[in-house]
Amino acid sequence: MESVVSRCVWLVTILALLHGQAQGQLTPTAPGCSGISRGTHFIVGFTDNFQDTDLSSRELFILVVAFNNQQTTSVTISSKHQVGGKPFTETFDVDQSGFKQVRVPVELTMADTDRSFKTIDISATNEVSAYGLMYQDFTTDAFLGIPTNNLGMQYVVITPTRSRSGHFAIIGTDTDSTNVQVTMQGTATFEGRSYSRGDILSFTLSYQEAVQIQSADDLTGSIIQADKPIAVFSGSECESNPSSYCDTLTEQLVPVKSWGQEHIYTASRSTDRNQYYIVSYFPGTNVSIPYLETLTLNAGDSWEGILAGSGEVTSTNPILMMQQLATINGVTVDPSLIQVPAVEQFGSRFGFTTPPYSGGNAEGFFNFITIVVKRDARQTVYLNNAPIIVTDGILSVDEHDVPESEYISITIQVPRGEGVYYIDSQSSPVSVIVYGYEADETYGYAAGLSLNSNKQHLSLTPYFLRELGGERFSITVPCVQNSNDVTNDRKCKFSTGVGDVVVDGVQTGSYTLECNTPAFYKNGLTAVFVSLDGGSTFPYSGVIYVPSEEDLPPLVTVKQMTQEASSRVIDLNSADPILISWDRTLVGDDVSKVTVMVQVSSYNTDGFPALKDGVAVKSNVINNGTLYIPGLDLKTVINPTSDEPSLVAFYVTQYKQRRRRDNVYALRIYSGLMHVIKSVANIPCSVFSRQLDDVASGLDPCPCTSSQANVNSLNFVEANFFNSFFHPGAKNCFRSTTSSSTGSGQQCCYGNNGDILVGSPGGGTADRFAPGDHFWLHQWYDVLPWLGCCKLSDNCKAYYDKRPSDDCSDYVPPRPAGGTGDPHITSLDGKRFTFNGAGEFLMASSILHNLTFQARMEIYRDTKASVYTAVVIQTNDSAKVQVQRSNMNQTMILVDGETILQESSPIPVQYHKGLRISFNRDFSEIKIALKSGVALIVYVKPEVMSFIAQLDTKFKSQVNGLLGNMNEDPDDDLQYLNGSSLNTNASLYEIHELGLEWLVAEEDSIFTYISPYDYTTYLFPEFSPNLVTPDPNLISQEIKDLCGESFTCIFDAMTTGSLSFANETLLVTGTLETIQLMSSIKIVSCEFPEVVENGKINRSVYLENSTLRVTCDEGFYQQGSASPWCQGDGQWSSDLPVCVAEPIKVAIVLLIALASCTATVMAVLLIWAILHVKNTCKPTQVACER
């Protein structure tokens, strides 16, 4: 602009989303192609332009270029912001391979620092490229739009600050609210509050809402964190080059996940000089720039300088590089900001337009195109389907080698005014930059970018799948858009636990496929593969989580009127009807009729139990969500030739289901697995011998009381499922937190008094398969045989012979330890002390299982206290689990460095390699149980994090670290690295010096760092905490009322000044003391007694002082002690009595034998029998007849 030369600041931001897939040990793969910057949905915005003059000349345009050459593309542009009293919207068509320029209201320009809905939604029926163009006399610029499916959650922006205020804008693109946090690198004011360098600016965005932050200060390197994908725009009101006037700058930023490590910068001539900016997101990034020494950039660092001609910039980590135009074809011009494409972002096909006019000339800009291509592929590049030659107004400007590379730079000049252009490269990817100038104004943008992810894996929706399948599963694949033929044979392959299952897929969008899922016969992470060539190859893969069916509510409820729905049992002998109900909208709002189906289980040809093909229960059912069926009607449908109980699944699907043209079946919604009783006959347990002969192994013993089980987070979790049906007399039942190496699971049940129950009917069982890891197999091998043996017959004893209860005689509680508050530590041997560090410390390590447990401590606000903010634990046979608070004060759980998705998750439990993770609704309590014998409970509150650890006794004397050595001697727990111990009455200063020895070195840290943070971010060994014990005389009455006699509570209240902080310390300390108490109580149990032949034991509790009661079957009486009891040494007071046949029965047996004997033998036997009877006494007789 001629009349104004002023300072300008362009604000740059970093967006870091702490988000990912829980991938455990599975590594996704993808070939070397990626998503591109054309798509079907965009959300964009125009940042502020110079406002002093020429406002009347301002115009905003959206330019749309269509790529479909077979059909017209319909496009709708809309905004929530009201213009003239109503939201803006416009729909238009774009011809095949055509373009359209649409004017949008200038009121959609963002202004100053403000919130607004001045954003623009672009939706198209086919794939398009979208560009934004802001005209204003002598201050114009343009940007390339990035489709929403290629947006990311990490950004870094750049802010030239020569002229006027700079700005950045963040737009919410998720239909749920998005939390955003900015760590400022300069000053700004937002919503009445001022922010300085290092301050945290936080806000929430709704869908299509934008926040623009404007400042005259340089905000380069500011860090933005959000919890969902966003669009980020950056620019300046008006920026100038030396010897130029100022021009507005605007650009939509590429997310960090799509950055590259090799950038080719170019100029229209080899002698042209332009300004460049480089920013880093990853710490320790080395950058090589021609003719300069290697730079080392950390997160948020930047470089700016002038470079001539073309060249190659390489880096050890991905970076962002921007060009600020200063010279075009030897002419000094006003600036325009342009993304410098990385080689990783090169593409093969581009479509773009040039503006129809400029502010200073109705004929338009002098337009230029610069193409970077490999030298040996020069002849395969086409412009509008023709080789690039000088013709029809196309002027060759310059062609030169890019020094020290295999690339060349080609610059051509195209006609002034509006035009649409397509560039295709047939053998090698290229980059294309479009730009132009006129008197005192310039525009420029990258014509297109291939926005691959630095982490190549499929994007999967939803992120978990149900065991029984039938779901429509959406998959985003990088390379689908390479083909315009949507009928190509797409395939999805799922790892199901019984082999890989391949299903048909359909392309539903430019980048998306949809497949219906099969049944899965395993839980946890499983692999998904995609083929785009009919199944010949499956080059794309990802991982998905399959939770246990018992952790999810069924989509179809099946209940018999006489049964509780939670029993999952249907009796087909009952006349009571069966109610099947479902949410009708889950089948489809437009579905009027449905079919109710049932699948019965049986062994497949490989000998594995699986669901067979579905059979119709009832067809042509009105989709109103309910169906009543008489139980007898199902007898002819469910295993009609067998009376054995069955394991089945019901599902509801569209009536007259047809394959769509894309070969994908309609959606199915399933019930849970159901057990069906077909006969009232006494079924022998031998029917289930195949299942029952496969016995459990490698199980931990049960705790002796429910109180012990309740505090043993290492081995057990409460799991009460219809106890009155499956375990009569049991008040509480617990299951193993993790399965054994063979997949088995322990179940322990307890009576009303809390004592363990052993044997039928209420005792727990040694299940062949744990339901958490193997829900399907548990139903087949454990539950179905129990139903046949214990409910449909009197063979429950035979069932318990194969699935015995544990009698707790071998139970030894794990050893607890803890860390609370302003870090107070309780060692594994019970030693209590306080250590205030600032860094990452080794809490426990062991050569056994290569255990490593580390905790991060950070300074608490502006006090002399510190606090736990993160913990991480790993063994050689488990995934690594990290729990921490994000800078947005949210709880994060990372498994092997990947954040597991928790928000709105219906899954409270997840199983990963060698461990189980569970969390409550607000993620304030996370429990981690490792199969190796370690458990961790992490308590997360807004001000403080605490933990309780439990280690199996096999770690005795095998541990070192701040939690002690676990040798049952608390007096030597304050150990130095050399093995010597600090005096048990050491001062806080001495303990602090000792604690610093356990500071983890950077190379030994197992923490995952969320860029831009790294090890050094948290390292403050020089931190000097409060090392003075609080004076009791200075304690306020308020603190006394809260803390009572608790030293740790008082210490924290006085050190931090926060009663809520101290209260959390008090609560967790109380929990730890309860666990310590229950772990210290020795409960004696006698071993499960042997079976009494011809009798039974009327007792299921075998703890100390418990007395057995033996009753004999009819016709038998007891011999021996009638009431043995469990002694304090764990032995029974006497042997069990035996059950002997009544004497009269003996005589009868003998008489029968006599009938076949000689007279002499008969006489002898008769005399012997009479004498034997006379000399046999019942225990209840006072005297015997002689």
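**View 1. Residue T1055 in helix 9.** T1055 counts as buried because its relative accessibility is 12%, where buried means under 20% relative accessible area, exposed over 50% and partly exposed in between, with a 1.4 Å probe and protein chains only. T1055 has its place in helix 9; helices (H or I, at least four residues) and strands (E, at least two) are DSSP runs, numbered from the N terminus. Neighbours within four places in sequence aside, T1055 is in contact with D822, T863, K864, A865 and N1026, contact being heavy atoms within 4.5 Å. Between T1055 and D822 there are 8.1 Å in space, C-alpha to C-alpha, and the two are 233 residues apart in sequence.

The model is predicted: local features need pLDDT of at least 70, side-chain atom pairs count only at pLDDT 80 or more, and totals for chains, interfaces and linings use all residues. Residues are numbered from 1 along each chain as its sequence is written, and side-chain values use heavy atoms, with hydrogens and water left out.

View 2. Helix 9 is largely enclosed by the rest of the structure, because eight of its 10 residues are buried. These buried residues are T1048, C1049, I1050, F1051, D1052, A1053, T1055 and T1056. Just after helix 9 comes G1057, with a positive phi of about 75°.

**View 3. Helix 9 against helix 10.** The axes of helix 9 (residues 1047-1056) and helix 10 (residues 1059-1080) come within 8 Å and cross at roughly 160°. Axes here are lines fitted to C-alpha atoms, for helices over the stretch in contact, and angles run from 0 to 180 degrees between N-to-C directions. Helix 9 and helix 10 are therefore roughly antiparallel to each other; angles over 145 degrees count as roughly antiparallel, under 35 as roughly parallel, 65 to 115 as roughly perpendicular and the rest as oblique. The crossing of helix 9 past helix 10 is right-handed, a crossing being right-handed if the near helix is turned clockwise from the far one by less than a right angle, and left-handed if anticlockwise. On the helix 9 side, T1048, C1049, D1052, A1053 and T1056 meet L1059, F1061, A1062, T1065, L1066 and T1069 of helix 10. The residues of this contact divide into six nonpolar, four polar and one charged. Ala, Val, Leu, Ile, Met, Phe, Trp, Tyr, Cys and Pro count as nonpolar, Asp, Glu, Lys and Arg as charged, and the others, Gly among them, as polar.

**View 4. The peptide bond between S760 and P761.** S760 and P761 are joined by a cis peptide bond, with omega about 5°. P761 is in the loop that runs between strand 55 (745-750) and strand 56 (766-767).

**View 5. Positive phi at N384.** N384 is not a glycine, yet its phi is positive, about 50°. The loop between strand 30 (381-383) and strand 31 (386-387) holds N384. With a relative accessible area of 35%, N384 is partly exposed.

**View 6. Positive phi at R861.** R861, a residue other than glycine, has a positive phi near 50°. R861 has its place in the loop between strand 61 (851-859) and strand 62 (866-874). Its relative accessible area is 57%, so R861 is exposed.
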